[in-house]
Amino acid sequence: MSKNVFESVNVVEIGELAAAPYCGKLLADLGADVVKVEPPLVGDRARSRGPFLGDIPNSEQSGLFLYANTNKRGVTLNCNTVSGKDILLQLLKNADVLIEDREPGELDKAGLGYETLRAINPRLIMVSITPFGQSGPYKNYKAYPLNTFHAGGEGYTLPGGLGYATYPDREPIKIAGYFGEYVAGLTAAIAAACALYGRDAIGSGQHIDISKQEALMALSRVVLARYPNEDFVETRSVRELPIGGLMPCKDGFAVVMAFEARMWEGLVEIMGRPAWTQEERYKNAESRVALKKEVNGLVIEWLKTHTKDEVYHQAQAHDCAVGPVYTIGEAINSAQTRVQGFMADVQHPVAGKFAYPTAGYHFSQTPVSFKRPAPLLGQHNEEVYSGRLGISKTEMVELRLAGVI
Amino acid sequence: MTSMSIYPLSGVRILDFSTQMACPYGATLLAFMGAEVIKVESRRHLDSGRRSPGLSDDPNFLNMVPRFNDNNQCKLGVTVDLTNPDGRDIVRGLLRISDVAVANMRPGKMDKIGLGYADMRRERPDIIVLSLSSMGSRGPERQYAGYAGIFAALSGLSDATGYVGGQPTEGRATIDATAATTVAFATAAALFHRKQTGEGQHIDLSAREAVGALLGDMYLDYTMNGRNPTRKGNEDHVMAPHNVYPCADKDSWVSIAVGAEREWQAFCRVLGRPEWITDVKFADPHVRWKNRAALDSAVAEWTRTRKPYDVMHALQNAGVAAMPSMSSKDLFTDPHTQSRGIYKEFQHKALGKRTVIGPQWKFSATPLDTAKPAPLFGEHNGLVFNELLGMSRETVQEKEKSKVIY
């Protein structure tokens, strides 16, 4: 029997919304023992953000919280109290990883900075995730996911293509949902995994500084490097494919990528070799690109008589990269997603049972599995505080009455 | 690497058989972490990332494509023809001394040429093999071709991104890089597992699913409520103001988001509109959100005569979240990114002085000073074949002549 990847790893997470919790989730879904520390009564802010089951706000039925916190244990703790801080230090004494997203300096002020933690647990890997990192002039700047995304480079160029052509005077936009936050969490999880891998050779834990802005900039590295190297600034007006792109079809939209010769040939084939495609100016790849507007117009004319799934499967059978623009529901219900087993049911004591995305990676020996749903607020207080730290029943009552847990 | 510094993945050797962007860049992320990544390529199955429209396949041109440098930083590069039995022998030798192999050929293709997971395991029983594909290795669409635009469309990301009432939005290289980031995490996790247990494994990674995983809460909206999230531009479902506003210069913009009441009050004061605080149209979060269109135009009136950075400073000084929508120029010239040192500069043997974005992590004990140029085509044949595999110079020359090393 293969063990889970992070089975031996103890993680403490102090994080809210999507970024830090997603980092914790990635480790938890691969077997890490993650204790999520939430402020008493209110909990992680994700609990009060939707989408809610049936649109009824309920701290145990937030889709964001349920998704980002699978496989964790949850405790409530007021870290701003003396006793709360003491309990947290006890938890961290034996932890391998601390994931936190407090504003730079906040934990230091509370006597929980990296230097203090290192003194009690030199093997601790502390992963700090903030909008702009732990240093630099903006380190204490305020940023919601919208601001972080637009500080990352991709936002300025969105939307290109059809969206820009239709609304050339409108504002740049962000990628849907919490994309930038999840990316930061994923980036942080790589760091945690690598630091764990190298910890024995390095001889200690360490403090890892993750800037959400930099996690996003890294994604756009090719476009961003063009400014210092070529003095080229990409804008929405030039953010488009040389040929093809996102186009309307009979029942929605499809993305047509036909810039390579063999792909173009495939497209011509499924269009039934219309006469125009045989004209010299359209046969030549370079002049096709020069006549892009016209070529795209002709392709769209044909596309509009076909559904996105028809075009998808026909084009792919001819080695031409076309993709249907699926709604999330269509993505979930597609045959490919089902056979791959991407969605898996999770039973939650309050929200009930429904399917959650698993992960893009399928490990042959240590697959992702959902052993427990996201924790209820304070669900594991007894288990963690009494069971692991040995806090007595009477003290638990006192701590509860004092608002510490 | 030859450096004596210790990095998190020091001692790990990765063979990179991948092409294009997502998988090669995933391996680069591991190289940033200190792994020795050997890119195995050949003129016979050229990484299209080395090609550029207008440039021929002449080896000199193969070294001239900037994006190849950006995506393949910090690797060693060798040229071996995998379609040649002798070439595969060399690769088998490399496998015996490697920990990880990554590839993004369509499912089954590596197996066909005798370099599938089972074959690789014969050479190195505890090897970790990661196969990245657009769709994953099972299912009816497993052989389909995909680029970022395709898997962004299939995952639902394109449909969910766009103006309210507008069209969906095309995905591109950023989405490839997202799959790459997932490649790096999965590989690092498998390495840790192997260190604990001695067990290698195969990782089948679907780019389409890697993107879907980053839309998790929206996927749950569908499975909980049967609803597809609609395109919302920059809008939030609670906060207002929450948008990107026009500034004085052409195509210059600033993002502003106001959450808590004290932020709203500070915001009104900075704009010189303290009367908004008690205005019945804006006095509480709910009416602000309901009247967000009117509020947005009033805010835009103020931003339109200002520069994004002036708006940012004025609002941030008052504790309100505001950032320019930053272009590549803004980011490079920004005092914060400069102070963070994320841009690295080095000499590339063919391209000259290059500036790249380096590692996106700051480690306190093992600083990742690992940024290096991408390998030239076949640049490290000598180092790898002579020194790592112990092949003689004559053998290497002979294999070059017979286009095995090619």
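**Reading a predicted two-chain model**

Modeller: Both A:W276 and A:Y282 are buried. Before we continue, please note that this is a predicted model.

Biologist: By what cut-off is a residue called buried?

Modeller: A residue counts as buried when its relative accessible area is under 20%. A:F6, for example, has a relative accessible area of 0% and is therefore buried. B:F192 has a relative accessibility of 5%, so this residue also counts as buried.

Biologist: How many aromatic pairs does the structure hold over all chains?

Modeller: Over all chains there are 22 aromatic pairs. One of them joins A:F6 to B:F192, whose ring centres lie 5.4 Å apart with 25° between the planes, and this pair is stacked. The pair crosses between chains: A:F6 belongs to the segment before β1 of chain A, and B:F192 to helix α9 (residues 173-197) of chain B.

Biologist: Why is the pair of A:W276 and A:Y282 edge-to-face?

Modeller: The two planes stand at 90° and the ring centres are 5.3 Å apart, so the pair of A:W276 and A:Y282 is edge-to-face. In chain B, the residues B:W264, B:F267, B:W276 and B:F282 make up one aromatic cluster.

Biologist: Which charged end sits over the ring of A:Y67?

Modeller: That is the charged end of A:K25, 4.4 Å from the centre of the A:Y67 ring. Another case in chain A is A:R226, which lies over the face of A:F232 at 3.9 Å from the ring centre.

Biologist: Let us turn to sheets. How do the strands of a sheet pair?

Modeller: Strands pair through backbone hydrogen bonds, and they do so either parallel or antiparallel. Here, an open sheet of 7 strands has the order β3(A)-β2(A)-β1(A)-β4(A)-β5(A)-β6(A)-β12(B), with mixed pairing. Its edge strands are β3 (72-76) of chain A and β12 (362-363) of chain B, each of which pairs on one side only.

Biologist: Where does A:E38 find its bridge partner?

Modeller: The bridge partner of A:E38 is A:T76, in β3(A). Strand β2 (residues 33-38) of chain A and β3(A) run parallel and are joined by 5 bridges.

Biologist: With which strands does β4(A) pair in the parallel sense?

Modeller: One is strand β1 (residues 10-14) of chain A, which pairs with β4(A) in the parallel sense over 4 bridges. Strand β5 (residues 125-130) of chain A also pairs with β4(A) in the parallel sense, over 4 bridges. A:V97 illustrates both pairings: A:V11 stands opposite A:V97, and A:V97 in turn stands opposite A:I125 in β5(A).

Biologist: Which way do the side chains of a regular strand point?

Modeller: In a regular strand, side chains alternate between the two faces of the sheet. Strand β4 (residues 97-100) of chain A shows this pattern: A:V97 and A:I99 point one way, A:L98 and A:E100 point the other way, and all are buried.

Biologist: Which order do the strands of the open sheet in chain B have?

Modeller: The open sheet of 3 strands in chain B has the order β7-β8-β9, and the pairing is antiparallel. Its edge strands are β7 (242-246) and β9 (321-324), each pairing on one side only. From one strand to the next, the twist averages 20°. Strand β8 (residues 253-257) of chain B and β9(B) run antiparallel and are joined by 4 bridges. Within β9(B), B:P324 is the bridge partner of B:V254.

Biologist: How should I think about side-chain directions in a helix?

Modeller: An α-helix has 3.6 residues a turn, so residues three or four places apart point the same way. In this structure, helix α9 (residues 212-219) of chain A is mostly covered, with 8 of its 8 residues buried. Among them are A:K212, A:Q213 and A:E214. In chain B, helix α17 (residues 335-340) contains B:H336. B:H336 counts as buried because its relative accessibility is 0%. The C-alpha atoms of B:H336 and B:G136 are separated by 40 Å, and the two residues are 200 apart along the chain.

Biologist: At what angle do helix α18 and helix α19 of chain A pack?

Modeller: Helix α18 (residues 381-388) and helix α19 (residues 393-401) of chain A pack at an angle of about 130°, and their axes are 10 Å apart. At that angle, α18(A) is oblique to α19(A). The crossing of α18(A) and α19(A) is right-handed.

Definitions and conventions. Residues are numbered from 1 along each chain as its sequence is written. Chains are lettered from A and ligands numbered from 1 in the order in which they are written. This is a predicted model: local features need pLDDT of at least 70, side-chain atom pairs count only at pLDDT 80 or more; totals for chains, interfaces and linings use all residues. Side-chain values use heavy atoms; hydrogens and water are left out. Buried means under 20% relative accessible area, exposed over 50%, partly exposed in between (1.4 Å probe, protein chains only). Helices (H or I, at least four residues) and strands (E, at least two) are DSSP runs, numbered from the N terminus. Two strands pair if DSSP finds at least two bridges between them. Rings of Phe, Tyr and Trp (its six-membered ring) pair if their centres lie within 6.5 Å; planes under 30 degrees apart count as stacked, over 60 as edge-to-face and the rest as tilted. A charge sits over a ring if NZ of Lys or CZ of Arg is within 6 Å of the ring centre and within 35 degrees of the ring normal. Axes are lines fitted to C-alpha atoms, for helices over the stretch in contact, and angles run from 0 to 180 degrees between N-to-C directions. Angles under 35 degrees count as roughly parallel, over 145 as roughly antiparallel, 65 to 115 as roughly perpendicular and the rest as oblique. A crossing is left-handed if the near helix is turned anticlockwise from the far one by less than a right angle, and right-handed if clockwise.
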